[in-house]
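Subject: Structure handover and notes

Hello,

Please find the structure below, followed by notes on what a computed pass over its atoms turned up.

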Amino acid sequence: MKTPAPYAVTESVSRGRQHAEPPPHERGEFQRDRDRIIHSTAFRRLEYKTQVFINHEGDHFRTRLTHSLEVAQLSRSIARALGLNEELVEAIALAHDLGHTPFGHSGQDELNACMEAFGGFEHNFQSLRIVDVLEERYPAFDGLNLMFETREGILKHCSPDNIHALGELGRRFIEGRQPSLEAQVVNLTDEMAYSNHDVDDGLRSELLSLEQLDTVAIFAQCRREAEACWPGLAGRRLVHETVRRMINALALDLITQARANITQSGVETPDDVRAAPALAEYSGEMRPKLRELKAFLFKNLYRHERVLRMTNQAQRIIADLFAAYMGDLDALPPQHRARAQSNPDDIKARAIADYIAGMTDRYAVKEHRRLYGKSEANAAL
């Protein structure tokens with residue numbers, strides 16, 4: 001590993017763990033974080049959670065797990081180029097989607113609607129809740145007891161209602177400060193990964209066509225480059241080469257712009273980074289290209305009739321499950337029932353939201369069929 005830059009997070013400047021522990025043997029503290037995340041129950045469940053397409057729609061579409069791995073790979077590459085802490089960016093990347101509900105963003109939106117009277121639901125906050133409270137693996141503490149900087153990176157944004165409950169971790173939102181550069185990089189590589197890989201999955205599903213995507217500047221440019229370099233290239237090889245070039249263009253632009261921002265800002269420590277404006281960003285030339293790509297995907301993929309049909313069914317399943325558990329706690333497994341029974345309504349609802357958010361797509365469908373029988377909502381999922 002390269003010698004870290006002075007503005008990178010290191011163990012010597014870390015704010016440490018909530019619960020003191022002996023130092024790890026033969027590995028660093030952020031490696032320990034990464035390992036704890038990988039071995040967590042929530043991480044394994046990501047294999048069966050939707051990215052865009054429901055898990056059973058095809059073996060080759062991205063899931064939350066493969067997406068998280070792709071974000072980790074991109075983040076490490078960019079972190080190395082910038083002299084940042086590679087183990088920290090990997091830990092943040094692997095944990096950033098732990099709190100996602102089944103059925104992707106549609107499941108999150110519906111669970112948030114169900115929880116409106118009880119504090120709402122945010123998948124970012126839920127990811128932090130999982131690593132701080134819900135994982136039960138160690139005798140000395142709840143959660144995974146991760147380093148402050150890993151937890152800081154997981155919490156990309158937070159509602160005002162939750163900020164004050166987070167203490168030091170929530171202070172930066174009140175003060176308008178930035179997280180570490182490592183966290184900033186993961187935030188952008190998350191966007192980089194899903195924007196490009198949703199293009200790939202959209203083409204594989206045949207919901208998108210090359211002709212449609214040729215109206216998007218960055219795709220058209222990278223396709224022309226691929227065809228110029230490899231005359232006659234077609235099919236999946238052309239798609240892969242085009243997407244590869246798009247990712248490469250975004251990654252190099254981010255590295256170049258971040259280096260320029262770091263130099264101009266004069267930051268010398270991680271605390272300097274927190275006090276400065278966001279330093280990890282795309283260039284003024286690249287930002288509109290990425291916005292155009294995201295707008296195209298929203299209109300043509302995420303709002304496609306087939307995806308919306310799945311979205312509507314998924315939201316009905318989430319709403320039905322929440323209503324069933326709120327109306328009959330005996331429908332919950334014993335562990336979750338015990339948490340819900342001994343608390344007022346807001347904590348009862350939170351325990352139910354924790355249970356639903358932890359479900360995989362297929363388990364949510366299975367539970368819905370157990371409670372409601374075969375129905376229009378779950379028949380096609």
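Gly83 has a relative accessible area of 8%, so it counts as buried (buried means under 20% relative accessible area, exposed over 50%, and partly exposed in between, with a 1.4 Å probe and protein chains only). Gly83 is in the loop between α3 and α4 (86-95); helices here are DSSP runs of H or I with at least four residues, numbered from the N terminus. Leaving aside neighbours within four places in sequence, Gly83 is in contact with Pro4, Ala5 and Ala8, where contact means heavy atoms within 4.5 Å. Its C-alpha atom is separated by 9.9 Å from that of Glu182, 99 residues apart along the chain.

**Basis**

This is a predicted model, in which local features need pLDDT of at least 70 and side-chain atom pairs count only at pLDDT 80 or more, while totals for chains, interfaces and linings use all residues. Residues are numbered from 1 along each chain as its sequence is written, and side-chain values use heavy atoms, with hydrogens and water left out.

**Aromatic rings and charges over them**

Searching the whole structure gives three aromatic pairs. In one of them, Tyr355 and Tyr363 have ring centres 6.5 Å apart and planes at 75°, so the pair is edge-to-face. For reference, rings of Phe, Tyr and Trp (its six-membered ring) pair if their centres lie within 6.5 Å; planes under 30 degrees apart count as stacked, over 60 as edge-to-face and the rest as tilted. Tyr355 counts as buried because its relative accessibility is 8%, whereas Tyr363, at 31%, counts as partly exposed. Ring pairs join Tyr325, Tyr355 and Tyr363 into a cluster.

Glu367 is placed in helix α19 (residues 361-372) and, at 5% relative accessibility, counts as buried.

Two arginines sit over tyrosine rings. The charged end of Arg36 is over the ring of Tyr138, 4.7 Å from its centre. Arg362 lies over the face of Tyr48, at 3.7 Å from the ring centre. The criterion is NZ of Lys or CZ of Arg within 6 Å of the ring centre and within 35 degrees of the ring normal.

**Packing of α5 on α16**

Helix α5 (residues 104-114) packs against helix α16 (residues 305-327) at an angle of about 35°, with the axes 9 Å apart. Axes are lines fitted to C-alpha atoms, for helices over the stretch in contact, and angles run from 0 to 180 degrees between N-to-C directions. On the α5 side the contact uses Ser106, Gly107, Asp109, Glu110, Leu111 and Cys114, and on the α16 side Thr311, Ala314, Gln315, Ile318, Ala319 and Phe322. The residues of this contact divide into six nonpolar, four polar and two charged (Ala, Val, Leu, Ile, Met, Phe, Trp, Tyr, Cys and Pro count as nonpolar, Asp, Glu, Lys and Arg as charged, and the others, Gly among them, as polar).

Buried residues of α5 are Gly104, Ser106, Gly107, Gln108, Glu110, Leu111 and Cys114. Their cover includes α3 (64-82), α6 (123-134), α16 and α18 (345-357).

**Two positive phi values**

Most residues other than glycine have a negative phi. Phe103, not a glycine, has a positive phi of about 65°. Phe103 lies in the loop between α4 and α5 and counts as buried at 1% relative accessibility. Glu206 also has a positive phi, near 65°. Glu206 is in the loop between α10 (181-204) and α11 (210-213) and is exposed, with a relative accessible area of 69%.

**Two further buried residues**

Arg350 is in helix α18 and is buried, with a relative accessible area of 16%. Apart from residues up to four places away in sequence, Arg350 touches Met115, Phe118, Gly119, Gly120, Phe121 and Arg129.

Thr150 is in helix α7 (residues 148-154) and counts as buried at 0% relative accessibility.

Regards
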